[in-house]
Amino acid sequence: MNAQKWHGHVTVISVARAAAAVVGCTALVLAVTGPSAQAQGRDLARQTLPANDGWASYGTGTTGGAKADADHVYTVSTWAEFKAALAAGGDAPKIIKVKGTIDAVSEGCDAFAADGYDFDAYLAKYSPEAWGLDTDLSAEPADSPEGLRAASAANQNKVIKAAVPANTTIVGIGRNAGFKGASLQITGVDNVIVRNLTFESPIDCFPQWDPTDGDKGNWNSEYDTAVVYGSTHVWIDHNTFTDGSHPDSAAPTYFGMLYQQHDGELDIVKGADYVTASWNVFADHDKTILIGNSDNAATTAIDRGHLKVTFHHNLFSNLVERAPRVRFGQVDSYNNHFVANDDYAYSFGIGKESQLVAEHNAFTLPEGISAAKVLKRWNVSPLTAADNTVNGEVTDLIAVHNAEIPAETLESGAGWTPTLRTKVDPVKAVPAIVDHRAGAGNAC
């Protein structure tokens with residue numbers, strides 16, 4: 001058997017960026033708490049979301065495991081320890097401190113492969129020349145290459161997903177804490193904090209070939225880095241999400257299509273509500289953030305009136321699309337910095353019944369990439385987009401889009417005004433502020 005291999009990755013933070021972050025953190029703590037509270041202000045594990053800091057501050061606010069007693073504070077450095085800590089103590093407040101980089105796939109993809117699975121046999125049987133493009137693989141028996149692939153995928157699924165309980169804080173200790181190959185499942189719970197961690201996106205060791213997906217067929221993969229599924233009051237702060245050592249650019253092609261082993265970096269779906277994502281880095285990925293995962297009737301009934309999410313002071317760097325793509329939700333995106341490369345498709349996807357407010361954001365686009373691409377219309381849903389800059393110049397994103405892409409005209413006016421905001425920085429200062437203070441290792 002020859003399942004795809006896993007490779008290691010080391011994240012490097014520049015000395016200049018680290019120094020700037022330390023100075024910024026010290027100033028922020030002193031400003032907010034005063035000198036006598038400085039030490040307490042830096043205890044990341046006990047910090048709670050400040051008042052008015054985005055949708056996660058709504059109502060009861062977000063405190064995570066701040067009230068955990070000594071018996072419910074864990075320090076973990078292995079995947080087994082982490083999953084055991086998540087399972088311990090039920091929904092009692094808990095703090096899980098992550099030390100170092102934890103690899104959920106340390107034994108490699110071959111460890112998940114079912115007996116008899118062989119990737120070369122899979123390619124031989126399901127090539128377009130041998131199988132065609134008219135029939136999917138859903139009826140294949142358990143002992144077929146597809147059946148063995150599905151069994152292998154089920155093995156991986158059991159191992160790399162980690163269910164996060166209510167009233168939990170997961171926090172990285174120091175500047176090199178994080179996860180490789182893990183998928184955090186924040187499902188059906190309330191009051192979760194995830195901070196100061198570097199996540200290297202999980203790879204799907206066993207993507208499925210779907211001959212009927214598009215005109216040429218396609219490879220489909222599973223495993224988002226983090227999923228907020230039907231949960232409420234979630235604060236995701238000062239993390240770094242990246243494809244790391246396994247970017248799509250290094251992936252092979254089979255049957256003329258990219259062998260896609262990544263899904264999203266962050267998905268917020270199935271009636272999730274009251275989420276704040278602040279000061280994160282989302283980097284080097286294709287389909288990055290999805291808010292609301294379907295237009296169908298069943299999903300509409302669940303999502304309508306929910307999916308309230310705030311994004312502020314995040315760095316979106318070298319992404320292709322979905323930063324985020326929005327359905328249904330009242331999403332507030334302000335003071336973020338978007339840095340595109342030549343593969344850029346769009347940042348904000350305007351989907352069914354979305355109510356996006358995108359203000360005071362900075363976009364850095366390479367030469368030849370038009371500002372009209374920042375917005376992508378999937379459905380006719382009005383949005384508010386004011387005081388945004390493109391390469392330092394204030395730009396009306398809706399007007400530019402409509403002038404260059406008249407077949408996908410966007411309407412102005414999201415129909416609501418965000419009130420849950422902390423300090424709004426001047427848009428022209430956003431790149432310098434965000435680039436130096438966002439991401440893992442920079443939490444105060």
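Tutor: A salt bridge here is a side-chain nitrogen of Lys or Arg within 4 Å of a carboxyl oxygen of Asp or Glu. The model is predicted: local features need pLDDT of at least 70, side-chain atom pairs count only at pLDDT 80 or more, and totals for chains, interfaces and linings use all residues. Residues are numbered from 1 along each chain as its sequence is written, and side-chain values use heavy atoms, with hydrogens and water left out.

Student: What makes lysine 125 and glutamate 140 a salt bridge?

Tutor: Their side chains meet at 3.1 Å, N to O, and the rule asks for a nitrogen within 4 Å of a carboxyl oxygen, so the pair qualifies. Lysine 125 is in helix 4 and glutamate 140 is in the loop between helix 5 (128-131) and helix 6 (145-160), so the bridge ties together parts 15 residues apart in sequence. Helices (H or I, at least four residues) and strands (E, at least two) are DSSP runs, numbered from the N terminus. The structure holds ten salt bridges.

Student: Why is glutamate 140 called buried?

Tutor: Buried means under 20% relative accessible area, exposed over 50%, and partly exposed in between (1.4 Å probe, protein chains only). Glutamate 140 has 19%, so it counts as buried. Lysine 125 has 35%, so it is partly exposed.

Student: Which residues form a network of salt bridges?

Tutor: Asp332, Glu359 and Arg421 do. Arginine 421 meets aspartate 332 at 2.8 Å, N to O. This pair links distant parts of the chain, with arginine 421 in the loop between helix 8 (397-404) and helix 9 (430-437) and aspartate 332 in strand 22 (residues 330-334), 89 residues apart. Arginine 421 also meets glutamate 359 at 2.8 Å, N to O. Glutamate 359 is in strand 25 (residues 355-359), 62 residues from arginine 421.

Student: How do you know whether arginine 421 is buried or exposed?

Tutor: Its relative accessible area is 17%, so arginine 421 is buried. Glutamate 359 is buried as well, at 16%.

Student: What makes arginine 421 lie over the face of tyrosine 334?

Tutor: A charge sits over a ring if NZ of Lys or CZ of Arg is within 6 Å of the ring centre and within 35 degrees of the ring normal. Arginine 421 is at 4.7 Å from the ring centre of tyrosine 334. Lysine 376 lies over the face of tryptophan 378, at 5.1 Å from the ring centre.

Student: Why is the pair of cysteine 109 and cysteine 205 called a disulfide?

Tutor: The S to S distance is 2.0 Å, and a disulfide is a pair of cysteine sulfur atoms within 2.5 Å, so the pair passes. The torsion about the S-S bond is about -65 degrees, so the disulfide is left-handed. Cysteine 109 is in the loop between strand 2 (94-103) and helix 4 (119-126), and cysteine 205 in the loop between strand 7 (198-200) and strand 8 (208-210), 96 residues apart. A search of the whole structure finds one disulfide.

Student: Why are phenylalanine 282 and phenylalanine 316 called stacked?

Tutor: Rings of Phe, Tyr and Trp (its six-membered ring) pair if their centres lie within 6.5 Å; planes under 30 degrees apart count as stacked, over 60 as edge-to-face and the rest as tilted. These centres are 5.3 Å apart and the planes are at 10 degrees, so the pair is stacked. Phenylalanine 282 is in strand 17 (residues 281-287) and phenylalanine 316 in strand 20 (residues 315-321), 34 residues apart.
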